[in-house]
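Please look over the structure shown here before reading on.

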Amino acid sequence: MSEVAAYATPAADRPLRPHAIERRTPGAHDVQIEILFCGVCHSDLHQARNEWKNTRYPCVPGHEIVGRVTAVGNEVKKFRVGDTVGVGCMVDSCGHCEACQAGEENYCENGFTATYNGSLHGGGENTYGGYSTQIVVDEKFVLRISHKNDLAAVAPLLCAGITTYSPLRHWNAGPGKKVGIVGLGGLGHMGVKLAHAMGAHVVLFTTSPNKIADGKRLGADEVVISKDTEQMAKHAGSFDFILNTVAAPHDLDAYLNLLKRDGTMCLVGAPATPHPSPTAFNLILKRRGLAGSLIGGIRETQEMLDFCAEHGIVSDIETIAMRDINDAYERMLKSDVKYRFVIDMQTLRDEAKAA
Ligand code: NAP
Ligand code: ZN
């Protein structure tokens with residue numbers, strides 16, 4: 001075991017603050033990683049504040065991790081000391097259920113182990129995430145990073161990237177398809193970039209008029225202000241697929257109306273309280289689908305990272321120091337983030353050294 005510097009929250013109504021945690025000595029299949037950067041996902045905020053009512057404290061969030069391998073176990077095949085690697089939202093799964101066998105560990109029937117607020121090896125020990133200087137992870141859940149530069153901007157691919165890539169692929173976003181992305185935050189801006197790179201006609205829906213120019217720069221062919229009913233009406237019945245990333249309850253009917261026959265809207269945003277439910281007629285009349293999607297499996301996460309490296313895709317980020325995390329959460333709640341905060345973990349190493 002080794003003691004590692006981290007930031008944790010001790011209770012739902014308390015800010016994050018310095019907190020030492022223990023990491024295991026790498027076992028035969030483990031990779032020890034010095035964390036360089038960790039993205040800040042809206043899920044971190046939901047979880048730190050117990051908005052999903054399942055948080056165990058102390059809570060060390062962070063599941064968009066990029067780092068460098070500092071040690072490997074005897075049996076590790078895929079990684080060597082010095083490699084640049086990533087860790088996303090999962091660090092383990094049962095490995096034998098139908099979903100795991102299909103490479104969709106994210107839908108593990110026995111429940112995957114989340115990178116934080118998970119139960120380690122099913123033993124009940126709480127997992128601690130990437131707001132820390134080091135982590136030890138089974139090589140099966142470690143990803144290869146082939147981007148040469150911009151490693152801070154690669155970190156958000158590990159959650160925001162895969163969470164948007166997976167449904168875009170599943171519902172065949174590509175040439176000839178009209179695809180909507182709802183919300184230009186961390187997930188949404190990756191959705192716009194990825195759908196554009198896949199060759200779809202991309203329409204961004206935003207509540208923020210000041211994001212129109214950015215939406216186009218990031219790859220949207222059109223930007224619609226979702227509060228403007230006239231602009232919305234122009235797109236009625238025209239979408240093949242809509243990916244909804246909004247983190248708060250809102251009127252889903254406004255978007256279901258925009259789907260054509262057999263079109264689907266997939267929810268990835270996970271608000272703490274339910275949406276006002278859709279009107280059944282909105283689904284029935286055009287055989288529309290309302291679906292959901294959860295991150296992505298390890299194989300697909302690697303595919304997404306390789307796709308992004310090949311297409312020169314990274315996240316648009318604002319780098320912050322570890323000690324600024326509480327302010328970053330407040331800004332995220334105001335939709336004031338362009339478009340992902342990423343923590344430079346050297347700031348935590350320096351802080352721990354000075355303490
Ligand atoms: P984020 O950066 O805060 O972005 C959310 C965006 O939604 C905002 O930037 C804003 O965009 C829009 N929005 C916020 N409040 C709104 C409201 N009241 N009405 C309409 N639009 C609103 O959050 P994120 O990190 O992208 O995460 C988004 C959600 O996805 C969170 O609930 C998170 O927990 C969830 N999530 C799910 C998965 C999964 O596997 N399914 C994975 C990761 C995250 P505009 O300013 O453009 O309107
Ligand atoms: Zn996330």
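In this predicted model, an oxygen atom of ligand 1 is 2.7 Å from a polar backbone atom of I295, a polar contact in the sense of a pair of N or O atoms within 3.5 Å. Of the 920 Å² of accessible area that ligand 1 has on its own, the protein covers 88%, with areas taken from the Shrake-Rupley method and a 1.4 Å probe. Residues are numbered from 1 along each chain as its sequence is written, and ligands are numbered from 1 in the order in which they are written. Local features need pLDDT of at least 70, and side-chain atom pairs count only at pLDDT 80 or more, while side-chain values use heavy atoms, with hydrogens and water left out.

**Around ligand 1**

- A polar side-chain atom of H46 lies 2.8 Å from an oxygen atom of ligand 1, and a backbone N or O atom of V268 lies 3.0 Å from a nitrogen atom of ligand 1.
- There are 29 residues around ligand 1, and those that come nearest are T206, T207, S208, K211 and R340; a residue counts here if one of its heavy atoms lies within 4 Å.
- Helix 1 (42-48) gives the most to the shell around ligand 1, with three residues, and helix 5 (186-197) supplies at least two, helices being DSSP runs (H or I) of at least four residues.

**On the surface**

- F281, I284 and L285 make a nonpolar surface patch of about 380 Å².
- L285 counts as exposed because its relative accessibility is 65%, where exposed means over 50%.

How values were computed. Patches are made of residues with over 30% relative accessible area and no salt bridge: like charges are joined within 9 Å, nonpolar side chains (Val, Leu, Ile, Met, Phe, Trp, Tyr) within 5 Å. A salt bridge is a side-chain nitrogen of Lys or Arg within 4 Å of a carboxyl oxygen of Asp or Glu. Buried means under 20% relative accessible area, exposed over 50%, partly exposed in between (1.4 Å probe, protein chains only). A polar contact is a pair of N or O atoms within 3.5 Å; within protein, one must be able to donate a hydrogen and the other to accept it, and residues adjacent in sequence count only if both atoms are side-chain atoms.
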